[in-house]
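Q: I have a model open in my viewer and would like to learn how to read it. Could you walk me through the features, starting with how two chains meet?

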Amino acid sequence: MPKVTIDNIEIEVPEGTTILQAARMIGGDVVPPAMCYYSNLKTSGGYCRTCIVKVSQASAKDPRPMPKPVASCRTFVQDGMVVQNTTSPELLEARKGVVEFLLINHPLDCPICDQAGECDLQNLAYEHGAAKTRYDFERRTFEKIDIGNKIKLHMTRCILCYRCVKVADQLTDGRVHGVMNRGDVSEISTYIQNAVENDFSGNMIDVCPVGALTDNTFRFKSRVWFTNPLDAHRACTKCTGKVVLWTKGNEVLRVSARKDKYAEVEEWICNDCRFEHKNMEDWNVEGARKTAHDSVISQNHYENIDLQKLKLEINRQIKHQGGKKIKEVYTQAQIENKK
Amino acid sequence: MGRKLLIEHVHVPGIETLEVYRSKGGYTSVEKAIKTMSPEAVVEEVKKSGLRGRGGAGFPTGLKWSFLAKPPGVARYLVCNADESEPGTFKDRYLMEKIPHALIEGMITSSYALGAHTSYIYIRGEYFYVARILEQAIDEAYAAGWLGKNILGSGYDLDLYVHIGAGAYICGEETALLESLEGKRGNPRIKPPFPAIAGLYGCPTVVNNVETIAAVVPIVNEGGCEYAKIGIGKSTGTKLISAGGHLNKPGVYEIEMSISVEEFIYSDEYCGGISGGKKLKACVPGGSSVPILPADLLLTTANGEKRMMTYESLSDGGFATGSMMGSGGFIAYNETACIVRNTWNFSRFYHHESCGQCSPCREGTGWMEKILHRLENGHGKMEDIDLLWDIQRKIEGNTICPLGDAAAWPVAAAIRHFREEFEYHVKYPEKIKDPNHFHKQSFLSSKQSVTI
Ligand SMILES: Cc1cc2nc3c(=O)[nH]c(=O)nc-3n(C[C@H](O)[C@H](O)[C@H](O)COP(=O)(O)O)c2cc1C
Ligand code: SF4
Ligand code: FES
């Protein structure tokens, strides 16, 4: 099994693992952000370029560095490969560039966008972006399109990750491709409308990293952080029926698939569960949904901190990443104290 | 007079017909290869010739051919890249239009060498009339038995098709070309796998430029070693250069890769000097994607050597003081040219042609164009110049395909060598109001060239 070193941490991974997957196996700060890759969608990834990393040694056999940054989501690990993510200042600078490119034509209409609070682009911009924009031209806009009566496509917010196109391609039948036009006027094709008849088209909403595809049955009902997410299930003949209910009191505002810590859907759900079962009585509630700590959704929910775990994490960060993140919060003396 | 291997007979009346082409020694390479050589031997000759890809990157053709995977029972394809869309480059069109059989002959000999039984010529949509010429020539070749089943009684079969693109520069990128040929949207593929392993319909494929394939004909006829005697160092053979811009005699020239840039521009055999009785200001030697050079750096390298029309000499000094052979689109500018305007024009092209898959190119090309437009029209700010520099730097190397690099390099080189001219546009907006602002009085730089 090939061994790869990412930000000074070595790990052995199965043949055919991508750098991104290897980084996720290590976890923590070494994981590059991914806006277009999606583990459950074949041929996804490679487009957005946020996951780029520097390969300072291609393999044990060929120890030369790769000439350009590579997309970690589409590059396979080789034995003896050495990868730099957070340990390479040039790479972080290049990634900052990518984030800036993703944002220059984005409308930044978060205050009126349903995705706010669970938006990958918000999180990305927060972690990797610059505070100010250098772009002072008019931003591009598109008309909103209804994809059937349940899904709204707001192309102006789209970052062309191609995920929804792949959902339509891979989960629904009878489609070939879904992007029209070229360059910065490319748009997700309205031919995608044909996919709406299919039972699984609603998953497009969940894979969309931004607010370009939203649930018409939920639009403008509530900010997500004012809702109470619950894990729930029902007996369904089409899918596993395992969902998250976004509730307020006894009202079910939205039903979505369950996502993992990388914001990827764990199991696709059918449109029946998603759009047609908006009553508490339809569901067996399992309990509160745990949300990732960086999401504002968790702001209203307090959780117990495991001090032992926290200490281990801090030590790991100090050891492997020079405590970059921690130093932003604590002074050196405080860190010494904690040790 | 330099030797001409590709377009020697271009002025012979009727050379576009098989009969006349044949009377000038046409199709002997097919006879020689199929009757007397094994496919491997043909590849060997191409290796010996030192031929390098004429599509832009200059990758050794023999080596590329030897990388072609040959799993048993799987089809192999040869695809000719006739998408020629780089601003400044029009050599392939000239060759195909005037001597279509030169390309057809090259395709047959090369397909034989690679063991391909179906080959394609992918031609840009705007060359519709050229496609007609090629189809006519292919029909003639079928009728005469040079194509089809059992060519020359050898048992070797080959079908050749012309496929017309829909007008996209990006479809010249080899994997976008293959996607388009398969009937899909022309988006470049994410590599690896490379076409030599999984190309057209997932099968091993070689993609070569028109001129590269045509050059296989003289290589097989005369032998690789003989071909390699022409030129200097690793720049062997002859090269078609499409010369345009402020030249007395613009056009397509076949040069031996051993003449100097100076000779190419000023001698009467080639471009005959700079037009309008003006001086040379700058030059883009290899098509819009390669760095622009000021006159002094074009004619002599940074260490004072005469710059030659070879791959190595044109790129001598790297991007700091050199450029590239690229696709041979030689564009000369005299003193009336405005570098900012020219850079904006190129940027507009790349913005228009970006496929839009990857974010740095999709968003960055448009941003650069807008800033350049503002600068050229007198609304720019000093910070815009540094901003442009930063944007191009963040595009370069971070994209799926080299179109992003191709968009970044001209901007970088223009700022690197002509920064003063950009500053002038910011400082004196009233002086550049007239779109022909440097026609009456040319821009005087304090130095010949500025280097960052
Ligand atoms: C954006 C882009 C456009 C290209 N356009 C062309 C073209 O029009 N013609 C061409 O021969 N090669 C073009 N190329 C280069 C091809 O990708 C490929 O390298 C070439 O066809 C290989 O042939 P060669 O080895 O004979 O040069 C282009 C490359 C890029 C990145
Ligand atoms: S660099 Fe430009 S043309 Fe190439 S894949 Fe990316 S967006 Fe498309
Ligand atoms: S996640 Fe790898 S390129 Fe988008």
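A: Happy to. Buried area is the accessible area, taken with a 1.4 Å probe, that two parts lose on being put together, summed over both. Keep in mind that this is a predicted model. Here chain A and chain B bury about 3000 Å² between them, and 51% of that area is on carbon and sulfur atoms.

Q: How many residues does each chain bring to the contact?

A: For this we take heavy atoms within 4.5 Å as contact. Chain A contributes 34 residues and chain B contributes 35 residues.

Q: How many salt bridges and polar contacts are there between chain A and chain B?

A: A salt bridge pairs a side-chain nitrogen of Lys or Arg with a carboxyl oxygen of Asp or Glu within 4 Å. Seven salt bridges are counted between chain A and chain B. One to look at joins the side chains of Glu93(A) and Lys394(B), with 3.0 Å from N to O.

Q: Now the ligands. Which residues are closest to ligand 1?

A: Start with the shell, then pick out atom pairs. Ligand 1 is surrounded by 18 residues, the closest being Gly55(B), Lys64(B), Asn208(B), Asn209(B) and Thr212(B). Asn209(B) places a polar side-chain atom 2.6 Å from an oxygen atom of ligand 1. The backbone takes part too: an N or O atom of Glu84(B) lies 3.0 Å from a ligand oxygen atom, and a polar backbone atom of Gly172(B) is 3.2 Å from a ligand nitrogen atom.

Definitions and conventions
Residues are numbered from 1 along each chain as its sequence is written. Chains are lettered from A and ligands numbered from 1 in the order in which they are written. This is a predicted model: local features need pLDDT of at least 70, side-chain atom pairs count only at pLDDT 80 or more; totals for chains, interfaces and linings use all residues. Side-chain values use heavy atoms; hydrogens and water are left out. A residue is near a molecule or strand if one of its heavy atoms lies within 4 Å of it. A polar contact is a pair of N or O atoms within 3.5 Å; within protein, one must be able to donate a hydrogen and the other to accept it, and residues adjacent in sequence count only if both atoms are side-chain atoms.
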